[in-house]
Amino acid sequence: MSDSDIKVSILVPVYGVEKYIARCAESLFKQTYQNIEYIFVNDCTKDSSIVVLEETIHKFPERARMVRIVNHKKNRGLAAARNTAVTAATGDFVMHVDSDDYVDEHIVEKAVRKQREQDADIVSCNAKKMYAGYTEQMVHKHYHSANGLCLDVLRRKGQVCIWGRLIRLSLYRRYNIAVEEGANMGEDYQVIGRLAYYSKKTDVVDECLYYYDCSNESSYSNKFSLEKNRQSWRSFDIVKDFFLPIDNQYAEAVTEGEMNIITSHLIMSSKIKDGKYYYEEARRRLLSIDKKYWKEEPMMRRIVLYLSFNFLLMKAYSQIARWTRHYLKKHGNR
């Protein structure tokens, strides 16, 4: 089988992205790889995203026949849009791309080429995260086995994103892997660990080929609410319920991951409205975990754990640490 015999389904959820969808679609239609189908899932967007998308499609007539727009009858959320896209896919592999992001024109070609080298089930591409005023590289680790990726994802030490990865579609189908509809926060985390668990080989393209735009303030992940906090913990509990019974190495990794999420939520509670609710849920879970897991957190995050007995004290420390980190990142990359 040659590289071009591998069909790739690119899966894109669409909601509220009229400012970004043309950039995203153009980067997808300009791919140097030819054997691609494009599946855009319209989750009943209220803006002109689909109009802009259709206008962009018309600019690429050679790609138009490869494009499908699947319309939800009602807004069902990101998790459902992911599931709909996977169900509609007919490729050998899928690649998730978020509609406010964009990709290098060689991403599919290079990912397929890497897949062929090791017959990998998952190929991850490095990414560039773009913030207002600075950028940050997101680099995937190489693993000797797919289990290494699985364990690091559970520990939240590996990249938990689903986007920017070439993933064998049969993993979804054979093992009934799907996101729980309604659990839209942490939906990546729900599935990437299970995909890695069932994989035989994984590999990495050591180039930044995916551009993750963190400046979109209206994106799902940039909005915080009590409901999204609930969804985030629901996503974690789905992972926990799956891996905990398997054996101790997964139980240990899941607990380390829970510590990471708890610390992140404690920090988050210091900078958002309704932060006290985030704090209280994270604190409740923290008290049920053996303190031996605290040492797995970096020093600055560990201090947050020790100060978490007092919300105001922890909040003051977190704000100072966040300002310092932001300043160093912004001025250190010049």
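**Salt bridges, strand pairing and buried side chains**

Arg234 counts as partly exposed, at 30% relative accessibility; buried here means under 20% relative accessible area, exposed over 50%, and partly exposed in between (1.4 Å probe, protein chains only). The model is predicted, with local features requiring pLDDT of at least 70 and side-chain atom pairs counting only at pLDDT 80 or more, while totals for chains, interfaces and linings use all residues. Residues are numbered from 1 along each chain as its sequence is written, and side-chain values use heavy atoms, with hydrogens and water left out.

The side chain of Arg234 meets that of Glu180 in a salt bridge (2.8 Å, N to O); a salt bridge is a side-chain nitrogen of Lys or Arg within 4 Å of a carboxyl oxygen of Asp or Glu. Glu180 lies in the loop between α7 (169-174) and α8, and Arg234 in helix α9 (residues 226-243), so this pair ties together parts that are 54 residues apart in sequence. Helices (H or I, at least four residues) and strands (E, at least two) are DSSP runs, numbered from the N terminus. Glu180 is also partly exposed, at 32% relative accessibility.

The salt bridge count comes to 25. One of these links Glu187 with Arg82, the closest N and O atoms being 3.1 Å apart. Glu187 is in helix α8 (residues 187-198) and Arg82 in helix α4 (residues 78-88), so the pair connects parts that are 105 residues apart in sequence. Glu187 is buried at 6% relative accessibility, and Arg82 is buried with a relative accessible area of 4%. Arg82 also forms a salt bridge with Asp188 (4.0 Å, N to O). Here too helices α4 and α8 are tied together, through residues 106 apart in sequence. Asp188, like Arg82, is buried.

Strand β9 (residues 202-213) has 9 of its 12 residues buried, so it is largely enclosed by the rest of the structure. Strands β5 and β9 pair in the antiparallel sense over 2 bridges, two strands being paired if DSSP finds at least two bridges between them. Tyr102 stands opposite Tyr211 of β9. Strand β6 (residues 122-131) pairs with β9 in the parallel sense over 9 bridges, and Met130 stands opposite Asp213 in β9.

In helix α1 (residues 21-29), the buried residues are Ile21, Cys24, Ala25, Ser27, Leu28 and Phe29. They are covered by elements including β1 (8-14), β2 (36-42), α2 (49-58), α3 (61-64), β3 (67-71) and β5 (102-103), with contact meaning heavy atoms within 4.5 Å.

Tyr250 belongs to helix α10 (residues 248-269) and is buried, with a relative accessible area of 5%. Not counting residues up to four places away in sequence, Tyr250 touches Asn147, Cys150, Leu151, Leu154, Tyr197 and Phe243. With the side chain of Asn147, the side chain of Tyr250 makes a polar contact at 2.5 Å; this term denotes a pair of N or O atoms within 3.5 Å, where within protein one must be able to donate a hydrogen and the other to accept it, and residues adjacent in sequence count only if both atoms are side-chain atoms.

With a disulfide defined as a pair of cysteine sulfur atoms within 2.5 Å, the count comes to 0 disulfides. For Cys150, the nearest cysteine sulfur is that of Cys161, 15 Å away. Cys150 is buried, with a relative accessible area of 0%. For Cys161, the nearest cysteine sulfur belongs to Cys125, at 10 Å. Cys161 is buried as well, with a relative accessible area of 6%.
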